Structures are given as C-alpha cells and as structure tokens.
Amino acid sequence: MSIQHIPQTRDTAQLDEIGPVGIPLSDPACTLRASKLVIPGAEATSAGIWECTPGQFRRQVQEGEIMHILAGSGTFTPDGQPPLQFRAGDTLVMPPNTQGVWHIHTTVRKLYVLAPATSK
C-alpha cells in the first residue's frame with residue numbers, strides 16, 4: 001500500500017471540470033471542478049478536492065461532511081439558522097441532511113470527506 005501525497009493541494013492539485021452547480025441561485029451559475037481521492041481498502045468513502053467559483057447555490061448533499069477550506073471565502077446559511085462565514089484555514093463539520101445556501105465570495109477550494117447517515 002502506498003501513501004498518496006498531493007503537494008500544495010491549495011494551489012496545484014489537478015481538478016476535472018464538473019460544470020455548473022445543480023441548483024444555481026445566481027447568474028451566471030457557479031462552476032465546479034473536483035478530483036476524487038480513493039483510499040485503497042476504503043473505496044466506499046467519498047473524499048476529494050472540490051473547487052467552486054463565486055455565486056450562490058443550494059446545497060444538495062445528503063451525507064454528513066467534514067471539509068477543510070484550502071482557499072477562498074464565503075458564507076453558508078443553513079435553513080432556519082444564521083449565516084456562517086468561512087475562509088481559508090477553517091474546518092466545517094455538517095451533519096447529514098444539512099440544507100441551506102452557499103454564497104461563494106471568492107473561489108473556494110476544499111478538501112472534503114462525506115459520511116453517510118447511520119440509522120439507529
């Protein structure tokens with residue numbers, strides 16, 4: 001088993017063009033780039049590097065998410081809660097089914113890990 005090393009992830013990680021966000025709230029729509037990271041032996045884990053251009057869109061992710069903001073800044077407003085400002089260096093932990101609106105101020109790049117909800 002080898003360790004994956006991605007030097008200077010904030011600036012140089014190669015990302016694939018994904019296209020516009022699913023539920024845009026701004027014109028033009030935010031566009032996405034991403035690169036999935038695969039952990040051998042834990043392929044069911046969804047993780048990667050994600051980048052989004054400025055604008056607004058509705059969050060569609062149902063899984064819980066841990067993210068570390070590598071670059072950029074913005075605001076996430078969870079439904080029924082006050083806005084949360086974030087910037088490079090911040091880490092956010094979102095429970096499963098967190099709904100709300102992203103407002104990306106400057107292009108955001110993040111490292112993310114998605115965790116499916118567990119039933120009790």
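Me: Start with Cys-52: buried or exposed?

Reply: Cys-52 is buried, its relative accessible area being 0% (buried is under 20%, exposed over 50%, partly exposed in between, with a 1.4 Å probe and protein chains only). This is a predicted model, in which local features need pLDDT of at least 70, side-chain atom pairs count only at pLDDT 80 or more, and totals for chains, interfaces and linings use all residues. Residues are numbered from 1 along each chain as its sequence is written, and side-chain values use heavy atoms, with hydrogens and water left out.

Me: OK, other topic: how many salt bridges?

Reply: The count is six salt bridges, each being a side-chain nitrogen of Lys or Arg within 4 Å of a carboxyl oxygen of Asp or Glu.

Me: Which residues does Glu-65 pair with?

Reply: Glu-65 forms a salt bridge with Arg-59, with the closest N and O atoms 2.8 Å apart, and another with Lys-110, at 2.8 Å from N to O. The latter pair links strand S5 (residues 64–78) to strand S8 (residues 100–115), 45 residues apart, strands being DSSP runs (E) of at least two residues, numbered from the N terminus. Arg-59 is buried at 2%, as are Glu-65 at 4% and Lys-110 at 4%.

Conventions:
Helices (H or I, at least four residues) and strands (E, at least two) are DSSP runs, numbered from the N terminus.
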